[in-house]
Amino acid sequence: MVEIKNQCVYIDGKPIILKGAEFHYFRSDANNWETILNQIKACHINLVSTYIPWMWHEHIEGEMDLSGKRRKETDLVAFFQAVKNAGMYLLVRPGPYIMSETINSGVPLWVLKKYPEVVSRKANGEFSPTKVANYLHPKFIELVTKWYQSVCQVIAPYSIENGGNIIMFQLDNEVGMLQWVTNQPDMSDESLKRFALFLENKFKTINELNRYFEIDFKQFRDAAQSVKEPTEKSCLKLHETFGYFLREDYANYIRFLKDLAVNNGCKMPFVVNVHGFDQNDYSKRGKQYPIGLSQLYEVRKIEDCLLAGDYYIGNIVPDNYYDVVLANEFTKAIQPKEQPLFSAEFQGGFQYGIPKLQPTTYDLKTRLCFANGMNAINYYMFVGGYNHEGIGLLAPRHDWQAPISSDGSLKIQYHYIHDLMKVFNAYETELVKTKSRYSVSLGFNPDYYMTEFDNQFTKSRKEMFVNFRNDFLYEGVGKAIINQNIYPEGIDLLGSEINPLNALIVFSTEYMNQSIQLKLIDYIKQGGRLFIYPQIPIKDMNGENCTLLKDYLDIEIVDKKWWSVAHIMDYRDVNVEFTELYKVKGNWQVLGLDENSSYPHTCIKTIDKGQVLIFGCAMKNDYSYKDELIKQLLEQIDVHPLADVDEWVTINIREDGKTKLFFINNLDEYDKTITISELAPHPIHIPMRKGLILPQHMYVTEDVNIIYSTLELIGKTIKGTQCVLEFSPFNQNGFIKIEIINPNFEISYQGLNVVDKNNNQILLKIKENSKEIMIQIG
């Protein structure tokens with residue numbers, strides 16, 4: 001039985017950390033499956049994930065081959081059994097769309113050739129650029145139903161409920177991505193027919209709809225068709241309404257697939273993959289990832305569906321790591337609170353040989369995500385392969401820089417992942433219990449990311465949203481707080497309640513819906529501490545006047561100065577893109593003002609039970625002093641870093657009562673030595689491009705407590721009352737403090753000297769030049 005609760009996956013009542021590897025059986029010789037699966041298992045992996053391409057198993061309509069009739073590599077039962085024999089769980093991904101660099105994204109070519117009516121359309125009636133299907137077209141539904149009925153007959157007997165090893169089922173892949181990257185939502189008559197029903201359900205009468213859009217439509221069908229040729233007057237309202245429809249339409253497609261799977265015997269948690277990382281640079285970016293979260297926003301309401309991110313970050317460096325943190329927190333913001341943070345496609349390579357992924361990247365990005373609370377991961381790809389029978393979109397070879405090459409050889413990243421998974425095994429009991437500690441909440445407004453399509457009237461506003469969120473959130477305050485180890489907890493401003501005990505940062509433009517403005521007012525009244533920037537909203541998302549928050553704050557916006565320098569607290573001549581200037585009344589404390597006009601742009605005030613700090617500066621954090629500036633501003637509302645350190649490293653803390661895990665990452669290319677007073681009174685050495693997980697009050701058994709360690713635990717073996725602990729020797733000035741509660745237990749050690757012994761507590765220090773650090777207790 002598989003359960004999702006406490007931000008973990010439970011199998012037969014036991015919480016586990018999912019450590020997955022993507023292996024495509026159809027890209028590998030069936031004679032090699034067993035060997036490859038054993039290599040995967042040897043890397044401390046417990047989950048195999050695979051796509052099941054519809055085009056591979058039904059390349060001719062009606063000739064379904066799931067049993068190896070055409071070739072061994074179509075035998076699903078044989079593959080499922082091989083994974084089970086190897087002792088690993090399975091995540092199956094039968095599409096119908098799989099992408100995965102396959103022709104037509106895995107949907108058989110005959111579908112589009114024989115049934116062109118299912119293809120989505122542009123406004124002028126032409127096929128959409130990618131020829132993606134209209135997901136809910138009746139004919140496509142009919143064809144997908146036949147595919148699912150066939151493939152589920154093979155999957156269901158291998159579900160864990162039936163004694164098998166399949167624990168999860170992914171529904172389609174990256175729904176909405178093909179529409180977003182081409183700026184082309186489906187404008188087919190079939191799609192707009194559903195939009196007309198959406199409008200009728202929303203407005204009930206045509207008169208009510210006409211009042212809202214201020215246009216005289218005769219029928220709901222006419223209003224739906226108008227999205228093809230919007231007028232300037234109604235463009236924003238139509239854009240927002242159509243965007244909400246698309247969210248619901250994508251969710252309805254996912255509901256259809258889920259019901260289809262369940263009705264055909266597949267009763268297990270389902271996975272929905274979220275897209276959005278981009279660029280082919282050395283270090284890729286995740287600034288557009290929340291577009292996928294916005295598109296799939298309504299999916300979060302579907303029971304037993306896990307949202308899971310596609311994380312393709314390239315090489316992780318100081319200039320992009322914060323994108324991963326923001327992706328983690330925005331995902332957590334909208335997903336149900338019981339779900340684990342899960343990346344179903346965690347970059348294990350790349351389609352091309354460029355950028356070349358450094359082995360340290362595999363280690364550091366995994367540590368960073370688990371530091372943020374991730375409890376389930378699937379390296380994609382883990383095994384290279386070959387595109388047999390011409391199914392590949394890019395080339396016959398599909399090596400992907402994967403840890404296991406197409407020829408079966410092991411790349412260096414395999415060994416990095418192996419060693420890290422061993423560390424996770426040592427900490428697994430603690431990982432499934434501990435939760436992330438945060439310094440502040442960070443509001444996420446999905447509507448700011450409803451930018452997957454535009455027209456001639458909405459393009460300029462879309463570009464404003466894109467530029468503002470990229471420069472002032474990702475490269476601005478978001479970057480600054482994470483660089484300062486002020487770790488944010490993502491909060492869904494649309495759907496979540498806001499805890500007034502936690503300070504809240506809100507990125508705002510002049511547009512913000514009434515519901516969110518009211519929510520922020522209520523938050524302040526209840527005692528919340530709000531940091532809002534770079535603008536105070538004065539319109540709703542439809543462009544209508546909405547000044548509820550501005551009026552509550554009792555301020556007047558008097559000017560906006562572009563490309564200026566600002567004076568903020570003790571910082572002079574800070575370059576900013578613009579400042580928003582205010583006329584304030586009452587007891588506002590001015591923290592920054594325009595010296596020419598004497599109007600403030602940065603000010604703070606106690607209102608009702610709460611506090612508000614307005615930072616009316618649109619600023620990219622392109623210099624390190626700006627990070628410190630943001631830190632000092634946030635101190636005004638009692639927000640502080642998780643830890644202060646002499647040299648810059650990333651620090652996260654996961655905790656459960658007294659038990660804590662300190663995640664420390666050195667992303668720079670030189671060694672560092674720091675001290676974390678909350679952890680231990682000893683210096684911690686962190687080599688370049690290396691991370692550490694250090695425990696505090698970690699009960700290895702009920703009789704053995706690691707009070708603290710500045711050496712990373714890399715192995716743990718418990719047999720009866722015997723306990724063997726293995727530590728990394730990287731910190732040559734490392735200390736371990738152990739408490740042995742049972743007075744009858746004896747302790748022996750290797751590579752360590754006793755520094756102090758006090759009753760049942762022993763302080764040990766690493767011996768000089770030690771290569772192996774072991775402690776045996778029992």
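The legends below describe close-up views of a predicted model. Local features require pLDDT of at least 70 and side-chain atom pairs count only at pLDDT 80 or more, whereas totals for chains, interfaces and linings use all residues. Residues are numbered from 1 along each chain as its sequence is written, and side-chain values use heavy atoms, with hydrogens and water left out.

**View 1. Eight strands close into a parallel barrel.** The strand order is β4-β5-β6-β7-β8-β9-β10-β11, with strands (E, at least two residues) and helices (H or I, at least four residues) taken as DSSP runs numbered from the N terminus. From one strand to the next the twist averages 30°, where axes are lines fitted to C-alpha atoms, for helices over the stretch in contact, and angles run from 0 to 180 degrees between N-to-C directions. Helix α12 (residues 321-334) packs on the sheet and touches β9 (305-311), β10 and β11, contact being heavy atoms within 4.5 Å; the direction of α12 makes about 165° with that of β9.

**View 2. Strands β4 and β11 pair in the parallel sense.** Residues 18-22 of β4 and residues 374-380 of β11 are joined over four bridges, pairing being assigned if DSSP finds at least two bridges between two strands. Ala21 stands opposite Tyr379 in β11.

**View 3. Two peptide bonds are cis, Gly95 to Pro96 and Ile354 to Pro355.** Omega is about 20° for the bond between Gly95 and Pro96, and Pro96 lies in the loop between β6 (89-93) and α4 (109-114). For the bond between Ile354 and Pro355, omega is about 0°, and Pro355 is placed in the loop between β10 and α13.

**View 4. Glu101 has a positive phi, as does Asn183.** Most residues other than glycine have a negative phi. Phi of Glu101 is near 55°, and this residue sits in the loop between β6 and α4. Glu101 counts as buried at 14% relative accessibility, where buried means under 20% relative accessible area, exposed over 50% and partly exposed in between (1.4 Å probe, protein chains only). Asn183, with phi of about 55°, is found in the loop between α6 (177-181) and α7 (189-203), and Asn183 is partly exposed, with a relative accessible area of 27%.

**View 5. Tyr352 lies in the loop between β10 (341-347) and α13 (359-371).** The relative accessible area of Tyr352 is 42%, so this residue is partly exposed.
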